[in-house]
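Colleague: Before we discuss the labels attached to this model, could you set out the terms as we go and test each value against its definition?

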Amino acid sequence: MAELPETVRVVIIGGGAVGCSSLYHLAKQGWTDCLLLESNELTSGSSWHAAGNCPNFAGSWSVMKMQAYSNALYGRLGEEADYPMNYHVTGSIRLAHSRARMEEFRHVRAMAGYQGIEFEMLGLNEIKVRYPFIELHDIEGGLWDEGDGDIDPAQLTQAFAKAARALGAKIVRFCPVTGLRRLPGGEWEVETPKGKVRCEIVVNAAGYRAAEIGAMVGRQVPTVAMSHQYLVTETVAELKDRDGKLPLLRDPDISYYLRQEGEGLLLGPYEWQATPHWVRRDDPMPADFSFQLYPDDLERLERYIEDACARVPILGTVGVQRVINGPIPYTPDGNPLIGPAPGLENFYEACVFSFGIVQAGGAGKVLAEWITEGETEWDMWSVDPRRFTDYATPEYVRAKAVEFYQNEYAIGFPHEERPAGRPAKTSPVYERLRAKGAVFGARGGWERAVWFPRPGKDEAENVLSYHHGNWFEAVAEECRAVQNAVGILDLPGFARFEVTGDGARDWLEGLIAGALPKPGRISLAYFCTPRGRTLTEMSVTCFGPDHFWLITAAAAEWHDRDWLLKHLPEDSPIRIDNVTGRWGTLVLAGPKAREVLAQVTDCDLSNEAFPWLSHRPITIAMAQGTAIRVNYVGELGWELHLPVESLLATYDLLWQAGEARGIRDFGMYAMDSLRLEKCYRAWKMDLSTDYTPLTGSLDRFVRLNKPDFIGREALIREREAGSPERCVPLLVDAGSADAPYLSTVWQGDEKVGLVTSGGYGHRIGRSIALAHIRSDLAEEGKQVEVEILGERYKAVVAREPLYDPSNERLRA
């Protein structure tokens with residue numbers, strides 16, 4: 001009993017690679033009063049049976065950062081911990097069967113290059129030189145990652161553990177957590193068979209058992225355990241006396257990886273017959289599954305094995321020595337959960353890793369930064385636990401996890417709208433739009449129309465491509481309707497917080513970088529981290545001296561809610577009510593929007609009575625709501641914020657009133673095109689904690705002369721020193737493909753920036769990129785180049801906004 005301390009600062013639950021890395025990184029930060037509890041032996045969950053591959057390749061900027069950090073750390077960790085590890089840096093080849101796959105490789109290669117990771121495009125002869133046993137039928141080319149390889153997961157975990165112990169951190173094995181309780185003073189009490197321990201902070205690093213830990217505190221962790229199999233062959237004669245290991249080989253278009261394991265080969269497919277476990281009442285998760293596996297099921301892998309044998313014939317010359325079929329946890333999008341748990345104070349998650357070995361090092365760094373500093377070096381929204389809100393039910397999670405496993409190696413096309421787990425949340429207008437043939441996409445769980453196929457002209461689904469898709473001309477027509485007549489958009493899911501109570505205005509002033517609007521007016525507000533990074537953007541609607549609506553992105557609901565509640569003083573009279581579910585939004589925009597709206601309301605819509613950036617109560621038939629004269633598309637128009645139960649009737653009335661005036665539905669793709677022309681920023685693309693409002697060229701929303709607000713001192717330092725980069729619009733002489741997210745901006749042979757939004761502006765007829773580039777180049781007329789899918793295209797820095805620069809149409 002003595003081995004369990006009574007109090008510590010942090011308790012980490014789970015002794016896999018990620019838990020031990022988290023302990024190590026906390027200790028490296030000087031937080032040595034930390035305790036890791038493991039229910040069995042270290043690695044006994046998924047770590048012990050993981051294949052241990054260590055790619056740098058990732059479609060996500062932050063995940064690539066995390067994996068590259070891990071690989072660099074693993075190269076020195078054995079020596080630092082005095083714990084030798086089997087870490088083989090063999091390089092890897094990814095094969096491409098199509099032009100689209102080669103385009104993906106070129107884009108990811110550019111992303112990696114900007115991070116200082118060197119990938120190389122390979123022709124067929126170069127593939128053969130690096131992998132002499134390969135057959136090259138049906139192959140277009142490949143991608144080489146010289147830093148890829150594999151590591152022994154158990155040795156990695158033990159190295160983290162040994163290094164953490166040496167720094168003063170503690171590990172107690174065979175000590176399962178049986179209960180968690182928040183004490184009146186704010187501490188956590190952790191119950192185990194060996195006694196109780198009190199702590200300030202808890203970390204759920206319990207792998208595929210993370211949901212059990214979450215349930216102890218009322219948290220439904222979005223996870224499901226998927227069966228993943230790989231097989232290891234007997235000795236291959238051709239490898240027995242060969243100098244050096246073969247490179248790791250991946251064939252993503254077929255969906256498997258193949259690497260040398262000792263003198264044999266290891267083959268691991270991601271098969272279409274994806275199999276979740278422990279999701280039915282008659283198949284519960286065992287109380288203890290430590291160091292156990294599922295029964296072999298090689299029939300699921302048959303066609304992948306056959307293909308791999310044809311690709312690398314030496315694989316087919318030997319038998320199978322053993323099969324590993326173990327649980328791997330998946331979230332709905334395949335990325336792990338790292339960061340603050342939603343709705344809980346001092347409770348963090350570092351769990352549900354599908355690629356936990358290669359991500360463990362970076363995950364520990366990120367988790368330690370969250371705990372010790374309150375923010376991370378890199379924007380980590382891609383793995384933030386708050387990205388899934390209440391739509392992520394167990395059935396949704398299962399459906400999306402199966403879909404993601406099936407598409408583990410799929411090309412990351414920019415306009416793919418995958419169908420599983422949908423619809424999760426719908427507006428009352430959904431069925432009306434579906435009857436009109438709308439193509440939908442899920443945004444923050446909400447179904448939103450993304451475009452409207454033209455009857456007899458367009459296929460009623462997206463044809464996947466990096467180039468202008470089959471929706472391009474239909475979206476162009478939607479944009480022209482908004483420009484020349486009037487468009488209507490159902491925009492469900494805005495996260496909405498009503499803030500009231502004495503002192504609400506002063507409290508909000510301390511949170512935002514700019515100024516709050518006066519009653520009757522609205523404005524944009526930027527919330528910063530203590531380092532001055534852009535945390536979130538909200539529109540603020542002021543109803544009275546201490547009465548506001550804060551409206552933010554649907555996906556940001558839990559993220560922004562937690563930020564507001566975290567900074568609300570104890571016993572404050574200020575109320576924050578999440579009213580997201582009560583309200584819906586219709587956008588009516590275009591030069592004829594006033595005419596249409598006037599047909600259904602007595603509200604005075606004149607410029608004098610209802611100027612731009614103001615709001616008024618509005619009654620439309622039986623519906624009473626708020627009309628806000630603002631929109632995201634840059635035309636005369638209103639956002640109509642109405643009770644959910646009134647949306648459909650109001651939509652129908654507006655449609656009837658607009659038919660004679662050329663009204664047309666428009667979708668999210670059109671809205672994105674229109675907002676790019678106005679240079680309106682998008683959250684977690686142009687706006688993220690990788691940037692500040694000043695680097696984002698949002699100076700007009702920053703008031704450094706007002707009393708203290710979060711991030712002010714950091715922004716003052718940046719203003720005095722000068723921002724290293726600025727966000728600018730680029731007009732790009734592109735071809736049939738616009739700049740994908742995170743395309744590289746060049747000047748000569750120098751990388752000078754990144755594209756954070758790209759697309760085509762149908763009103764101005766140009767390809768547009770919003771990019772953060774070096775400050776000395778952020779001047780109108782400067783010439784640069786944008787790399788799009790491996791080719792460089794000329795671009796020029798322009799002045800924002802690109803369309804209607806004086807905002808005359810908005811003020812019309």
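Modeller: Helices and strands here are DSSP runs, numbered from the N terminus, a helix being H or I over at least four residues and a strand being E over at least two. This is a predicted model, in which local features need pLDDT of at least 70, side-chain atom pairs count only at pLDDT 80 or more, and totals for chains, interfaces and linings use all residues. Residues are numbered from 1 along each chain as its sequence is written, and side-chain values use heavy atoms, with hydrogens and water left out.

Colleague: What makes a residue part of the lining of the second largest pocket, and which residues lie nearest its centre?

Modeller: On a 1 Å grid over the protein atoms alone, a pocket is an open set of points with protein on both sides within 12 Å along at least five of seven lines, and a lining residue has an atom within 4 Å of a point. The second largest pocket is lined by 29 residues, and Pro340, Arg386, Asp562, Trp563 and Lys566 lie nearest its centre.

Colleague: How do the lining residues of the second largest pocket divide by class?

Modeller: Counting Ala, Val, Leu, Ile, Met, Phe, Trp, Tyr, Cys and Pro as nonpolar, Asp, Glu, Lys and Arg as charged, and the others, Gly among them, as polar, the lining divides into 14 nonpolar, seven polar and eight charged residues.

Colleague: Why is α1 called roughly perpendicular to α2?

Modeller: Axes are lines fitted to C-alpha atoms, for helices over the stretch in contact, and angles run from 0 to 180 degrees between N-to-C directions. The axes of α1 (residues 17-28) and α2 (residues 61-81) come within 14 Å and cross at roughly 75 degrees. Angles of 65 to 115 degrees count as roughly perpendicular, and therefore α1 is roughly perpendicular to α2. With contact meaning heavy atoms within 4.5 Å, Tyr24, His25 and Lys28 in α1 meet Tyr69, Leu73, Leu77 and Glu80 in α2.

Colleague: Why is Arg717 called exposed, and why is Glu103 called buried?

Modeller: Buried means under 20% relative accessible area, exposed over 50%, and partly exposed in between, with a 1.4 Å probe and protein chains only. Arg717, found in helix α18 (residues 712-721), has a relative accessible area of 53% and is therefore exposed. Glu103, in helix α3 (residues 99-114), has a relative accessible area of 6%, so Glu103 is buried. Leaving aside residues up to four places away in sequence, Glu103 touches Tyr466, His467 and Leu789.

Colleague: What makes helix α17 mostly covered?

Modeller: Nine of the 10 residues of α17 (residues 668-677) are buried, among them Met668, Tyr669 and Glu677. The buried residues pack against several elements, including α12 (472-484) and β35 (750-761).

Colleague: Thr43 and Leu613 each have a positive phi in a residue other than glycine; how do you know whether each is buried or partly exposed?

Modeller: Thr43, whose phi is near 75 degrees, lies in the loop between β2 (34-37) and α2, and its relative accessible area of 6% is why Thr43 counts as buried. Leu613, with phi near 65 degrees, is placed in the loop between α15 (593-598) and β29 (615-620), and because its relative accessibility is 25%, Leu613 counts as partly exposed.

Notes:
1 Å grid on protein atoms, 1.4 Å probe; cavity = no way out; pocket = protein on both sides within 12 Å on 5 of 7 lines; lining within 4 Å. Parallel < 35°, antiparallel > 145°, perpendicular 65-115°, else oblique.
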